[in-house]
Amino acid sequence: MIRLRNIRKSFGTDEVLKGVDLDVEDGEVVVVIGPSGAGKTTLLRCINFLDEPDSGEVTVGCTTIDARKYDKRDVLAVRRKTAMIFQHYNLFRNRTALGNVMEGPVQVQHRPRKEAEARSRELLDSVGLADKCTCFPSQLSGGQQQRVGIARALALDPEAMLFDEPTSALDPELVGEVLAVMRKVAELGMTMVVVTHEMAFAREVADRVVFMDEGAIVEQGLPEDVLGNPAHERTRRFLRRILPQQVDPLLYGGAENLLSNATHPQNASSSPTEDDYTLHVAAQTAVKQALDVDSTTSGPRSAAFQTVPTHTSETTPEPAIDAVLTSRTVAQTTGKPAGLVR
Ligand SMILES: Nc1ncnc2c1ncn2[C@@H]1O[C@H](COP(=O)(O)OP(=O)(O)OP(=O)(O)O)[C@@H](O)[C@H]1O
Ligand SMILES: [Mg+2]
């Protein structure tokens, strides 16, 4: 459990957190969105005192820290309970994937090497990298490095994981594989605070979405409410900017959800395959094109997406894309848009 009370933080005269309260329950996944400079990163870094709040109270599990007077041991305790995953994966360049994952358990937790190695191999397997244990970071793609980063964080058995735009430095075709791993971590019941602009992930995985602007939480709630029917104009303005083609956010989310269904294997215990990632990108492009067919006419909202079959590892990816492309063609020829907008 994470509880923030009245967190304030200034850099010089710039007050970047203006008394933020936030509660994250055990096992809850909270996605934080908001414009650049809103204070999202600073808020994450205040949770584990990488940035020291000027005032306020941070609780993680049974440790509470009052920013005005605290014992450094409490900060260490909080850091041990929280793992942070950054945009840039910060792996040790001179260690293999396995070496990176083992580092924490061996050096910090003083676990026996053999035990740490076995667990680290398991974790690398769980993020789909069983065959990359001996690779150095320079031999891995960005997505693979980020997955090593997640395995490394998991190796320390954190109570909560804090993700700061974990996919924003990745080439688009690598985003899906990292989100798939994060989704799996969420399904295992990890408490997660995730700063991301991946709206499909927010809709599908988040229990709650928090919208921040100018150092404060403007609104928070269920993903479908905050993203689909925001209460505040500032949220609407932000969503309009980041959701392409001015598609009704709810519809767009619907399309993306179907995309995710189409691209994530139903068998959550199996690791995502290359096919799944390829499909993710191809289908995403196809859906976005489909959404672009006609953004002015109204019509049967979900026609395009009802036809998207669910893809599992056993099926080939093509039908999903075909269905979208076909419905796009249908939409173009019949003039009935395939699931769009205002
Ligand atoms: N170490 C620092 N020194 C001075 N100012 C800082 C520092 N870190 C952040 N800031 C300022 O605090 C404000 C909030 O920054 P923060 O990085 O938390 O925003 P953000 O919401 O994460 O933005 P982005 O989406 O661009 O990552 C910004 O105006 C930023 O310039
Ligand atoms: Mg940031």
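Guide: Start at threonine 96, which is in contact (heavy atoms within 4.5 Å) with Cys133, Thr134, Cys135 and Phe136, leaving aside its neighbours within four places in sequence. This is a predicted model, in which local features need pLDDT of at least 70, side-chain atom pairs count only at pLDDT 80 or more, and totals for chains, interfaces and linings use all residues; side-chain values use heavy atoms, with hydrogens and water left out. Residues are numbered from 1 along each chain as its sequence is written, while chains are lettered from A and ligands numbered from 1 in the order in which they are written.

Threonine 96 sits in the loop between β6 (82-85) and α3. Helices (H or I, at least four residues) and strands (E, at least two) are DSSP runs, numbered from the N terminus. Lysine 132 lies 36 residues from threonine 96 along the chain, and their C-alpha atoms are 8.6 Å apart.

Now the helices. Two packed helices are described by the angle between their axes and the distance between the axes. Axes are lines fitted to C-alpha atoms, for helices over the stretch in contact, and angles run from 0 to 180 degrees between N-to-C directions.

Take α3 with α4. Helix α3 spans residues 97-108 and helix α4 residues 113-126; their axes come within 9 Å and cross at roughly 130 degrees. So α3 and α4 are oblique to each other. The classes are: under 35 degrees roughly parallel, over 145 roughly antiparallel, 65 to 115 roughly perpendicular, and the rest oblique. The α3–α4 crossing is right-handed. A crossing is right-handed if the near helix is turned clockwise from the far one by less than a right angle, and left-handed if anticlockwise. From α3, the contact uses Ala97, Leu98, Val101, Met102, Pro105 and Val106. From α4, Arg113, Ala116, Glu117, Ser120, Arg121, Leu123 and Leu124 take part. By class, this α3–α4 contact has nine nonpolar residues, one polar and three charged. Here Ala, Val, Leu, Ile, Met, Phe, Trp, Tyr, Cys and Pro count as nonpolar, Asp, Glu, Lys and Arg as charged, and the others, Gly among them, as polar.

Helix α4 also meets α5. Their axes come within 9 Å and cross at roughly 135 degrees. Therefore α4 and α5 are oblique to each other. The crossing of α4 and α5 is right-handed. Arg119, Leu123 and Leu124 of α4 make the contact with Val148, Ala151 and Leu154 of α5. Five of the α4–α5 contact residues are nonpolar, none is polar and one is charged.

From α5, move on to α6. Helix α5 (residues 142-154) packs against helix α6 (residues 172-187) at about 15 degrees, with the axes 8 Å apart. That makes α5 and α6 roughly parallel. The α5–α6 crossing is right-handed. On the α5 side are Gly142, Gly143, Gln144, Gln146, Arg147, Ile150 and Leu154. On the α6 side are Leu174, Glu177, Val178, Val181, Met182 and Val185. The α5–α6 contact holds seven nonpolar, four polar and two charged residues.

Alanine 169 lies in the loop between β7 (160-164) and α6. Alanine 169 is partly exposed, because its relative accessibility is 29%. Buried means under 20% relative accessible area, exposed over 50% and partly exposed in between (1.4 Å probe, protein chains only). Alanine 169 touches Gln87, His88 and Tyr89, not counting residues up to four places away in sequence. Its C-alpha atom is 9.9 Å from that of glutamine 146, 23 residues away along the chain.

Glutamate 165 is also placed in the loop between β7 and α6. Its phi is positive, about 45 degrees, although glutamate 165 is not a glycine. Most residues other than glycine have a negative phi.

Finally, step back to the whole protein. There are 13 helices and ten strands. Of the 342 residues, 52% count as buried. Among contacts with a separation of 6 or more, 67% join residues 24 or more positions apart.
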